[in-house]
Amino acid sequence: MTIIIDQPSLGEEKKITCNTNDLILDECILVHESESNGGFDAPEINAFGNSFRDYNVENERQKSVEEFYKLNHINQSYDFVKRMREEYRKLDKVEMSIWECCELLNDVVDDSDPDLDEPQIEHLLQTAEAIRKDFPDEDWLHLTALIHDLGKVLLLPVFGALPQWAVVGDTFPLGCGFDESIVHYKYMKDNPDYSNSLYKSKNGVYSEGCGLENVMISWGHDDYMYMVAKENGTTLPAAGLFVIRFHSFYPLHRSGAYKHLMNEEDAENLKWLQIFNVCSKYDLYSKSKVGVDVEKVKPYYMSLIEKYFPAKLRW
C-alpha cells in the first residue's frame with residue numbers, strides 16, 4: 001500500500017510517495033530504502049544505536065538530555081523570551097556571511113539532542129544533501145536545510161554564550177496553556193507561567209486563528225535564525241522562513257497541538273514543515289555518522305547563498 005501526501009506548491013504541484021512497508025512516524029512514513037532516483041537513504045537508528053527521539057532509553061546522553069529539558073522548561077517564560085527577542089533583534093553582535101557562520105558551528109554540540117554528538121556542520125550538510133536528492137528543483141529548500149540550525153551560534157562567546165537551555169531543544173508557545181505533548185512535560189509545572197492566570201487557558205493572551213507570526217515561541221536558535229534572515233532581507237519564500245522558525249516546534253508538527261492559533265498561511269506553510277521534519281526524514285533522520293565532502297558541495301551552496309542572501313549579514 002502507498003500513501004500519497006499532497007505537497008504544497010511554490011510553482012508546479014508535486015506529490016510525495018511514502019511506502020507503508022517502512023517505519024511509521026505518526027501519520028507519515030519514512031522510506032528506509034533509497035528510491036530509484038537516488039533519494040536519501042534514511043538510517044534506522046541514531047548515532048548511539050537507538051531509535052530516533054527516544055527520550056526514555058538509557059544511554060550515555062540521556063540523563064544530560066533530561067536535565068537540559070528540566071532547565072529549559074523552568075526558565076523559558078514569556079517574560080524571558082520577550083527580553084531575548086528585544087536584545088537579539090538589535091543584530092549588533094557581528095557581521096559575517098552565511099558560510100562563515102556555517103563554519104563557526106564546528107565548535108557546537110547540541111546537548112538537547114539524544115541522537116547526535118558530532119559538530120553541527122555535519123548535520124547541516126547531511127540534511128541539505130538529503131533533501132537536495134529528493135527535491136532537486138527546490139533550491140530554496142536545499143538552502144533552508146543548510147541554514148536551519150545556524151542560530152546555534154548563540155552558544156558561542158561572540159553571540160553572548162547563552163546556556164544550552166536558551167538555544168537548543170524542542171520549542172513551544174508562551175502566553176497560553178502548555179500542551180502535554182511537550183517533551184518532558186512534567187517540568188513545565190515548575191515554569192513561572194504555569195500558574196499565571198493570564199496564560200493558563202487554551203488561547204491565553206492570543207485569539208484563535210491569530211497566526212503563529214504573532215505567537216511568542218520559546219527562545220532559541222530557531223527564532224534567532226528566522227530573525228536574522230528576515231531582518232537581513234532574505235529572498236527565501238515564506239515557507240522557508242516558516243521551516244527555519246518552527247522546525248523544533250514538535251508539539252505542532254508531530255503532535256498537532258496549537259493548530260487553533262494558526263491562520264491560513266500557516267496551514268499552507270505547515271505542509272512544507274511536515275515534509276522537512278516529519279514525512280520526509282530530512283532533519284531528524286539525516287543525523288547519522290555518514291560524512292559529507294564539504295569542499296565538493298560547497299560551490300553549489302555558495303551559489304544559493306548568493307542568490308537568496310546579501311554577502312554580509314548582521315547577526
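This is a predicted model: local features need pLDDT of at least 70, side-chain atom pairs count only at pLDDT 80 or more; totals for chains, interfaces and linings use all residues.
Good morning, colleagues. I shall begin with the chain as a whole. The protein chain contains ten helices and eight strands. Of its 315 residues, 58% are buried. Its accessible surface comes to about 13,400 Å², and carbon and sulfur atoms account for 46% of that surface. As for contacts between residues at least 6 apart in sequence, 74% of them join residues at least 24 apart.

Let me turn to helix α7, which spans residues 238–246. How many residues of α7 are buried? Eight of the nine are, so α7 is largely enclosed by the rest of the structure. The buried residues are Ala239, Gly240, Leu241, Phe242, Val243, Ile244, Arg245 and Phe246.

One partner to consider is α5. Two packed helices are described by the angle between their axes and the distance between the axes. Helix α5, residues 139–147, packs with α7 at an angle of about 20°, and the two axes lie 10 Å apart. Because angles under 35 degrees count as roughly parallel, α5 is roughly parallel to α7. The crossing of α5 past α7 is right-handed.

Which residues make this contact? From α5 they are Trp140, Thr144 and Ile147, and from α7 they are Ala239, Gly240, Val243 and Ile244. By class, the contact comprises five nonpolar residues, two polar residues and no charged residues.

Thank you for your attention.

Conventions: Residues are numbered from 1 along each chain as its sequence is written. Side-chain values use heavy atoms; hydrogens and water are left out. Axes are lines fitted to C-alpha atoms, for helices over the stretch in contact, and angles run from 0 to 180 degrees between N-to-C directions. Helices (H or I, at least four residues) and strands (E, at least two) are DSSP runs, numbered from the N terminus. Angles under 35 degrees count as roughly parallel, over 145 as roughly antiparallel, 65 to 115 as roughly perpendicular and the rest as oblique. A crossing is left-handed if the near helix is turned anticlockwise from the far one by less than a right angle, and right-handed if clockwise. Contact means heavy atoms within 4.5 Å. Ala, Val, Leu, Ile, Met, Phe, Trp, Tyr, Cys and Pro count as nonpolar, Asp, Glu, Lys and Arg as charged, and the others, Gly among them, as polar. Buried means under 20% relative accessible area, exposed over 50%, partly exposed in between (1.4 Å probe, protein chains only). Accessible areas come from the Shrake-Rupley method with a 1.4 Å probe; for residues, only the protein chains shown count as cover.
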